[in-house]
Amino acid sequence: MRGTIVVFRKEIYSIFASPIFYAASFIFFVVAGYFFYSNALYFSILSFQATRDPFLSERLNLTNMVVTPFFGDLSIILLLMLPLITMRLYSEERRSGTIELLFTYPLSDVGTLLGKYLATLLVLVIMVAGTLPYMALLESFASLDWGIVFSGYVGIFLLGAGFIALGIFTSALTENQIVAAVLSFGALLLFWALVWAKSYLGPLGGRIVELISIVTHLEPFTKGLVDTRHVAYYLVFTFFWLFMTIQFLKTRYWRG
Amino acid sequence: MIIAESLTKNYGLKPAIQDVSFEIQRGEIVGLLGPNGAGKTTILRILTCFMPPTSGVARIDGLDTSTESLRVREKIGFLPENVPLYHDLRVTTFLRFAGAAKGLKGKRLQEEMERVIIDCGLGEHRNRLIKHLSKGLRQRVGLAQALLGDPPILILDEPTTGLDPAQIVEIREVIRGFGGDQTVLLSTHILPEVSQLCERVIILNKGKVVAEDRPENLRARIQSGVRTLVRVRAPRNTFLERISLVPGVTGVKASEKEGEFVVESKGDESTRAIIARTIIESGWDLLEMTGRDLTLEEVFMHLVTEEDLQLD
């Protein structure tokens, strides 16, 4: 795509020059570290008790009790942090007027969008990969099921990729970064909580919200299952919002 | 090089420009002149492929801006209004991005960056963050990115707005240096700029072209004959009365300043001699007498307000 690499490099410069990235990553690692520590500590207390209780010790499993819930925790932190990374992508260009440069250089809209998207995806990878030492630490004390760790990270990456796509869309909608962040945060929360409506929607409605809801598709990954249906969900979710972004960018043709 | 054929652009239902047509030849420096809201920026945005017209066609070097947008954009260096720049980048980082965006690579990119940095006088500022630069320097960075890749067409939206007088002179020097092979279209609402820089001017008002000609022709079109400014020590009414009777004089008007009058006359300058003689013979003191053509401001005001400037 024309311009993808050029815009990707520029975005990387901008992201790493901005304090937002450092603040968001710092909070991400502090909170993720805290969650991980809590899970691990709780497990260690339980296993201490299990030395006197054979029934309990049979049911204790490091991966199920520390790793799987940790991926759930990560998804919540990403829901809070990624809108802060995506909010400036287009809204800042609109506010400062640089969008006029971007749209008058010989770059295609799709190429530009992909450049921005991939740059943010790299940030996601950096943040999520930063939690790998936690797993290594765990491995040094006990033996982990690395299959589940791997599939969990795949799930988190796909989930984050979807969050970023929606975040870019809301960023294109407004020239105010805060509004963009609030919109994407709200929308993600809705996609998250949609599944709660399952209890009163009846079988068909319940099935539909389960299908649309963003977090129901993460669970299988955290249990070691990489199912194409769930992979497909995140890919469709991502492509949908990227497509909507392109459509929205085209409205400049008649809005002026 | 640049052809606009009955361009119309509506924002919602409100027309921003209506049926705008003009043509610009290779190597011309043309000014797009008009009050704020006349549609200058809209026209430039259409020509730079930021958005297509609602109807009509714009062609750059024979290419339609709506359907061959990417190829058109390769030929254009554009300085948007208010000079938007990425403030968190350094000058060289930004120029490298701009150059790469225009398809420059490797050695050629490096050479082009050096060239525009030197041409725009950014040498000692190349490693500074753009947000730390003064307005004048930012303007030069904006110009530098437009010049990258040596595009055959330069489109500049109010290139000197917000600069101090010394900076304005500098930027104008740079722009005047173009011409030749490069075609320049610049918008402005500063009139002296047009007479200094442009060979031709297109005047816009309320979204329509109201005039298009060389600055001096425009002046001649509105002003018939010769205008003379006379400073004299004389009783106002008697002066007005006596001078208006001089053969060839078509009008006399007292200016705002005490003792100053503007006399308009037919034909050549010979009437001036008669006016001078009349003043002396009346026993008045003639302090100053200078030819005074309509300024471009007056031409412009005449065209955009449709007021008659002719003295009656």
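**Entry 1: domains of chain B.** I looked up the distance between the domain centres of chain B: taken over C-alpha atoms, the centres of domain 1 and domain 2 lie 44 Å apart. Domain 1 of chain B covers 2-220 and domain 2 covers 224-292; such bounds come from an automatic or database domain assignment.

**Entry 2: basis of the model.** I note that this is a predicted model, in which local features need pLDDT of at least 70 and side-chain atom pairs count only at pLDDT 80 or more, while totals for chains, interfaces and linings use all residues. Residues are numbered from 1 along each chain as its sequence is written, and chains are lettered from A and ligands numbered from 1 in the order in which they are written.

**Entry 3: a sheet in chain B.** I found an open sheet of 4 strands in chain B, with the order 2-1-4-5 and antiparallel pairing. Its edge strands are strand 2 (14-24) and strand 5 (63-64) of chain B, each of which pairs on one side only. Strands (E, at least two residues) and helices (H or I, at least four residues) are DSSP runs, numbered from the N terminus; two strands pair if DSSP finds at least two bridges between them. Strand 1 (residues 2-11) and strand 4 (residues 55-60) of chain B run antiparallel and are joined by 5 bridges. In this pair, B:Ala4 stands opposite B:Ala58 of strand 4. Helix 1 (residues 40-47) of chain B packs on the sheet and touches strand 1, strand 2 and strand 4 of chain B. The direction of helix 1 makes about 120° with that of strand 1 of chain B; axes are lines fitted to C-alpha atoms, for helices over the stretch in contact, and angles run from 0 to 180 degrees between N-to-C directions.

**Entry 4: where the chains meet.** I recorded 21 residues of chain A in contact with 25 residues of chain B, contact being C-beta atoms, placed from the backbone, within 7 Å. On the side of chain A that touches chain B, helix 1 (4-17), helix 6 (99-102) and helix 14 (252-255) of chain A each supply at least two residues. Helix 1 of chain A gives the most, with 5 residues.

**Entry 5: chain A as a whole.** I counted 14 helices and 0 strands in chain A. The C-alpha atoms of chain A fill a box of roughly 75 × 45 × 30 Å along the principal axes. Of contacts in chain A between residues at least 6 apart in sequence, 79% join residues at least 24 apart.

Note on methods: Contact = placed C-beta atoms within 7 Å.
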